[in-house]
Amino acid sequence: MEVQVEQQANCTVLYLDGEIDTFVAPRVRECIADVWAQTSTPLVVIDLARVTFCDAAGVKALLFALKIMQATNRRLVLCGVGRRMELLLRVSGVKDLFEVHDSVEDVLDDLFQQSWPPSAVPGGRAFN
């Protein structure tokens, strides 16, 4: 499992690549906790497009992410959720707890549209 963290716009994106199983899930939870502790962005996106396998421990790691983000009024979005991952979330009974988008680009587009005009964004300015 590889985890890449990037700051984009007003959000933090975690790109997960590989398997999230019983052995790897603690590392994923640790990465999520680090992002939570070290950033203050109001939006955290977890991109699952390159996750090749996920078991119940992986679902618990995602629920952990949701819980800690909600505890500090931050928004968590999952994207790149494939058919297998969607099925796992649905069968686990947690699919409806998560906000899901097709891709990171979709999330960023939505974020941009919600923050328009620029003067509505802290530090943003409108051009006259």
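## Basis of the model

Residues are numbered from 1 along each chain as its sequence is written, and side-chain values use heavy atoms, with hydrogens and water left out. Because the model is predicted, local features need pLDDT of at least 70 and side-chain atom pairs count only at pLDDT 80 or more, while totals for chains, interfaces and linings use all residues.

## Residue D47

D47 lies in strand β3, which covers residues 43–54. Strands are DSSP runs of E with at least two residues, and helices are runs of H or I with at least four, numbered from the N terminus. D47 is buried; this term means under 20% relative accessible area, whereas exposed means over 50% and partly exposed lies in between (1.4 Å probe, protein chains only).

The side chain of D47 does reach the backbone nitrogen of A49, at 2.9 Å. Residues up to four places away in sequence aside, D47 touches L14, Y15, L16, C79, G80 and V104, where contact means heavy atoms within 4.5 Å.

## Helix α4

V104, one of the residues touched by D47, belongs to helix α4 (residues 104–114), where V104, V107 and L111 are buried. These three cover an arc of only 65° around the axis, which puts them on the same side of α4. The arc is that of the directions from the helix axis to the C-beta atoms. On the other side of α4, E105 and Q113 are exposed. The buried residues of α4 pack against β1 (2–8), β2 (11–20), β3, β4 (75–79) and β5 (99–101).

## Helix α1

In helix α1, the buried residues are A25, V28, C31, I32 and V35. They cover an arc of only 120° around the axis and therefore lie on the same side of α1. E30, A37 and Q38, on the other side of α1, are exposed. The packing partners of the buried residues of α1 are β1, β2, β3 and α2 (56–71).

## Residue N73

N73 is placed in the loop between α2 and β4. N73 counts as exposed because its relative accessibility is 73%. Although N73 is not a glycine, its phi is positive, at about 55°. Most residues other than glycine have a negative phi.

Key
Lys, Arg positive; Asp, Glu negative; His and termini not counted. Salt bridge = Lys/Arg side-chain N within 4 Å of Asp/Glu carboxyl O. Polar contact = N/O pair within 3.5 Å; in protein donor to acceptor, adjacent residues only side chain to side chain.
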